[in-house]
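Trainee: Could you show me how to read helices and sheets in a model like this one?

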Amino acid sequence: MDVDHYNVLGLPSGEEGANLTQKEITKAYREKARDLHPDKQKDDPNAHENFIKLKSSYEILVDEKARKLFDDLLRVKREQQCRFAQQDSKRRKMMSDLEDRERASFAPDPAMKAKEEEERIARKLKEEIARIRAMQANKGASMGMGSGQEKVGREGNSGVGGHVGVDKERVLKVSWEKIGEGYTAEKLRELFSRFGEVEDIVVNSSKKKGSALVVMATKHAVDSATGSVSGNLDNPLLVVPLKPSVAEFPAPKKEEQSDRLSNLVGAGYQAFEDAVLNKLTKAAEKQQK
């Protein structure tokens, strides 16, 4: 069935066409017949054939039995088209699902991908934390060195580690491992203040070790603090003088005394020998007489 008789008369087809009344069909036929009548379409060689087709479609639609059969035929055709459309949709969905499965088979495991992403983010976070800590450590060290330079540079003419005006015998060199809490300038000042006045502290930290220069007010305080300050038990301090002081002892007199004694003994022995010789000489002279 290639001809839709409703469309030939210019009427809607399908369920809407099946609900049209016979009066509406007749009205549409008359309007169409006036337009397609061969007398008005003299220049169209197909005018007569088109008019016959219009009349034939009208006769089918005004016949109750023929129209019902035609409506049933249209309904079956629509259902068939609907089934085909559904099959096409299912077929397209099946093809799409198949393509998705193929892509998924070659795609990485979502769990593995999520784990790798988590590890990547954790690694980046660790690097950022290390960078921030290093930045803060460098900032603290530079601030400590800057304050030390400002304070130490007003003393005199001798230098300690590039600073001017500090007697090296009043400076302690302190070092510790970079484990646990560590030591700050305030903590070191608290520890060394027990042995005397602390004039300045310069802290210098590296990744593995921490160190500082502690400037005491007197040499006596340096001697007292050396070997006495241990710091925390889990991270002890190594405290040594930057320049060990040399004790001034009086020159030993033992050798001088020994020499003097030797001189005395030698002189006495010489006198004794002279006296013996003198006696022997006198004895020999008496025998000759």
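Mentor: Let's begin with helix α5, residues 64-106. Helices (H or I, at least four residues) and strands (E, at least two) are DSSP runs, numbered from the N terminus. The expected span is 1.5 Å times one less than the number of residues. With 43 residues, α5 reaches 63 Å from its first C-alpha to its last, close to the 63 Å expected. This is a predicted model, where local features need pLDDT of at least 70, side-chain atom pairs count only at pLDDT 80 or more, and totals for chains, interfaces and linings use all residues. Residues are numbered from 1 along each chain as its sequence is written, and side-chain values use heavy atoms, without hydrogens and water.

Trainee: Which residues in α5 are buried?

Mentor: Buried means under 20% relative accessible area (1.4 Å probe, protein chains only). In α5, R67, F70, D71 and L74 are buried. Their cover includes α1 (5-8), α2 (14-18), α3 (22-36) and α4 (47-62); contact means heavy atoms within 4.5 Å.

Trainee: In what order do the four strands form the open sheet?

Mentor: Strands of a sheet pair through backbone hydrogen bonds, either parallel or antiparallel. Two strands count as paired if DSSP finds at least two bridges between them. Here the order is β4-β5-β3-β8, with antiparallel pairing.

Trainee: Why is one side of β4 and of β8 left without a neighbour in the sheet?

Mentor: β4 (198-205) and β8 (238-241) are at the edges with a single partner strand each, so one side of each has no neighbour in the sheet. Elsewhere, β3 (residues 171-177) and β5 (residues 209-216) pair over seven bridges in the antiparallel sense, and S175 stands opposite S211 in β5.

Definitions and conventions
Buried < 20%, exposed > 50% of the residue type's maximum accessible area, 1.4 Å probe, protein only.
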